[in-house]
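Work through the exercises below with the structure open. Each task is followed by a solution in steps.

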Amino acid sequence: MTAELLNGRDLSDQLKAEMKQEVDVLKQENIHPHLTVILVGDDPASKSYVKGKEKACAVTGISSDLIELPGSVSEQELLNVIDEQNNAEHVHGILVQLPLPDHIDEQKVIHAISPLKDVDGFHPINIGKLVNGEDTFLPCTPFGIQTMLESKNIEIEGKHAVIIGRSNIVGKPMGLLLLQKNATVTYCHSRTENLREIALEADILVVAMGRKHAIDGSYVKEGAVVIDVGINRQENGKLTGDVEFESAKEKASYITPVPRGVGPMTITMLLKNTIKAAKGLAKK
Ligand code: NAD
């Protein structure tokens, strides 16, 4: 079997075109969706992610501000900036680009963002709602993956989903979303024994490890859907995933490439959440 590609770039272009129309209608109702992105320090990867987010906002007609703070900024100064944005009426979404420098407590910062403007879906209130199955801002990467699966009518109900990685931003919420869609979910992580045996049981295999090509075709069941979340920069400067694509694609039924897979969908879901926030705040 050679897998069909799940092309995140094409799907996100289509979704952005739909969102542009939605934003145009909102503007006629005097709702102007606005995202504030806060970048601390000058990490090149973070800078490039932020640039991608600003560009995607512009394409859909969402206005955005970038607040750049030096890496030496104090935790309190950052919290003050967040507070200003929480109170700014024209701001609907606030995103603090992670990771933050070591002297800043990431959890404290996430807690400080108003849950109503938490378009990353990381605030404990929003995570709690996700656990309960209540309407909330879904974390962008898992939300994007769910949208990709749905776009191809890939069955989730009753299927065994194996998630490799248990981070708060990808692995954990991904499992919760798939559980809500009635998958049977197994989480694997760095202490998991028999990783290959467990992965080989997966109908849907989501890999979010941050380890270049750690998962090859020998971990993939014939016909499985393989989602590669990993972003690893190679010596030649090019990006590659956690999955060794060539061998995995021979086993999988569907597979996401890196780049042009999960990455563009993550940004697109951020826009979706910003529009949702704008509509929600307009009703208040
Ligand atoms: P993380 O470092 O927070 O978590 C990695 C997880 O992988 C951990 O839970 C760890 O237990 C697990 N792991 C590590 N080594 C393992 C091993 N040998 N066996 C089994 N499990 C192992 O990373 P993260 O923030 O979840 O990101 C994971 C990857 O996804 C990174 O490459 C990151 O750049 C990428 N990412 C991509 C997007 C996107 O939009 N495409 C979004 C977020 C993260």
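**Exercise 1: domains**

Task: state how far apart the C-alpha centres of domain 1 and domain 2 lie.

Solution. The C-alpha centres of domain 1 and domain 2 are 28 Å apart. Domain 1 covers 30–114 and domain 2 covers 140–263. The model is a predicted one.

**Exercise 2: the ligand shell**

Task: describe the residues that surround the ligand, by number and by class.

Solution. Step 1: count the shell, which has 20 residues; the closest are Arg166, Ser167, Ser190, Val229 and Thr266. Step 2: sort by class, which gives nine nonpolar, nine polar and two charged residues. Step 3: look for the main contributor, helix α10 (residues 262–282), which gives the most to the shell with three residues.

**Exercise 3: polar contacts and burial**

Solution. Step 4: the ligand alone exposes 850 Å², and the protein buries 73% of that.

**Exercise 4: strand β2**

Task: is strand β2 buried or exposed, and what does it pair with?

Solution. Step 1: in β2 (residues 34–40), seven of seven residues are buried, with under 20% relative accessible area as the cut-off. Step 2: His34, Thr36, Ile38 and Val40 point one way, while Leu35, Val37 and Leu39 point the other way. Step 3: seven bridges join β2 to β3 (residues 63–69), and the two strands run parallel. Step 4: Leu35 has Ser64 as its bridge partner in β3.

Definitions and conventions:
Residues numbered from 1 in each chain as written. Predicted model: local features only at pLDDT ≥ 70, side-chain atom pairs only at ≥ 80, totals over all residues. Heavy atoms only, no water. Near = heavy atom within 4 Å. Areas by Shrake-Rupley, 256 points an atom, 1.4 Å probe, with all protein chains shown as cover. Helix = DSSP H or I, 4+ residues; strand = E, 2+ residues; numbered from the N terminus. Nonpolar A, V, L, I, M, F, W, Y, C, P; charged D, E, K, R; others polar. Domains from an automatic or database assignment. Buried < 20%, exposed > 50% of the residue type's maximum accessible area, 1.4 Å probe, protein only. Pairing = 2+ DSSP bridges.
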